[in-house]
Amino acid sequence: MNFWETITRGEYVMFALAVLFILVIIIWIVRATKLSSLINKNLSMMHRIRDYVVEGDLDNAIEFCQANPSPGARIICAGLTRVGQNMAEISTVMLTAREAESSNLEKGKRWINAIAIMAPLIGAAGTLAGICDGLIELADAGAFADMALLGQEIAPTIVTTIVGLGVGVFSIFAYYCLDGAIDKTKSSLASLALEFEDLLNEPS
């Protein structure tokens, strides 16, 4: 079997689809794990920030946020550096920081979306290449051509379309799961910012 025959029978296409499938799994697990840890970090961080603010120790509060970099810490730090100004200005600065962090949370999602689109197309391309090769083999067989020969040439390549669709469906599932985790993290950041603003508004 020469190089072209190997490609048309789907071996290289299947390898490409396997790589895309593994890539989706890695992106999904890594990003989902990180997003989950950010939510937990927000909950624990706010307890320390509250203690510092209640004691009036803003310098240590800022140092704590800078020493523990995370989206939530950067948002709170933006608010801490504006303490003393009116609440409208603090809210605006924190909202700007939150929007910037929300944009960073989207990392990885576009790659999964791209794979969901590409995988079925790659699978279909492998099948079409296999069909073309099968028809050429059938033509070369001449008078000895039959449906059994055609099926033998084409059937293996149809698997690439099935696998491509499978990778695409899984990628869509991973995309929406990750999208849900991102939305949950954004809500956590919004709650964190609101809790900090409420803390500043508490009577001393």
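**Exercise 1. Overall architecture**

Which pattern does the protein follow when read along the sequence? Describe also its burial, surface and contacts.

Solution. The model is a predicted one.
- Step 1. Along the sequence the pattern reads α-α-α-α-α-α-α. Seven helices and zero strands are present.
- Step 2. The protein has 204 residues, of which 36% count as buried.
- Step 3. Among contacts with a separation of 6 or more, 77% join residues 24 or more positions apart.

**Exercise 2. Helix 2 against helix 4**

Determine how helix 2 and helix 4 are oriented and which residues meet.

Solution. Two packed helices are described by the angle between their axes and the distance between the axes.
- Step 1. The axes of helix 2 (residues 11–55) and helix 4 (residues 71–80) come within 9 Å, crossing at roughly 30°.
- Step 2. Angles under 35 degrees count as roughly parallel, and helix 2 is therefore roughly parallel to helix 4.
- Step 3. The crossing of helix 2 and helix 4 is right-handed.
- Step 4. Helix 2 contributes Leu38, Asn42, Met45, Ile49 and Val53, which meet Pro71, Gly72, Ala73, Ile76 and Leu80 of helix 4.
- Step 5. By class, the residues in this contact of helix 2 with helix 4 comprise eight nonpolar, two polar and no charged.

**Exercise 3. Helix 4 against helix 5**

Carry out the corresponding analysis for helix 4 and helix 5.

Solution. 
- Step 1. Helix 4 packs with helix 5 (residues 87–105) at an angle of about 160°, and their axes are 8 Å apart.
- Step 2. The cut-off for roughly antiparallel is an angle over 145 degrees, so helix 4 and helix 5 are roughly antiparallel to each other.
- Step 3. Helix 4 and helix 5 cross in a right-handed sense.
- Step 4. On the helix 4 side the contact is made by Pro71, Arg74, Ile75, Ile76, Ala78 and Gly79; on the helix 5 side, by Ile90, Val93, Met94, Ala97, Arg98, Glu101 and Leu105.
- Step 5. The contact of helix 4 with helix 5 has nine nonpolar, one polar and three charged residues.

**Exercise 4. The setting of Lys109**

Is Lys109 buried or exposed?

Solution. 
- Step 1. Lys109 belongs to helix 6 (residues 109–141).
- Step 2. The relative accessible area of Lys109 is 11%. Buried means under 20%, so Lys109 is buried.
- Step 3. Leaving aside residues up to four places away in sequence, Lys109 touches Tyr175, Leu178, Asp179 and Ile182.

Terms used: Residues numbered from 1 in each chain as written. Predicted model: local features only at pLDDT ≥ 70, side-chain atom pairs only at ≥ 80, totals over all residues. Heavy atoms only, no water. Axes fitted to C-alpha atoms, helices over the stretch in contact; angles between N-to-C directions. Helix = DSSP H or I, 4+ residues; strand = E, 2+ residues; numbered from the N terminus. Parallel < 35°, antiparallel > 145°, perpendicular 65-115°, else oblique. Left-handed = near helix turned anticlockwise from the far one by under 90°. Contact = heavy atoms within 4.5 Å. Nonpolar A, V, L, I, M, F, W, Y, C, P; charged D, E, K, R; others polar. Buried < 20%, exposed > 50% of the residue type's maximum accessible area, 1.4 Å probe, protein only.
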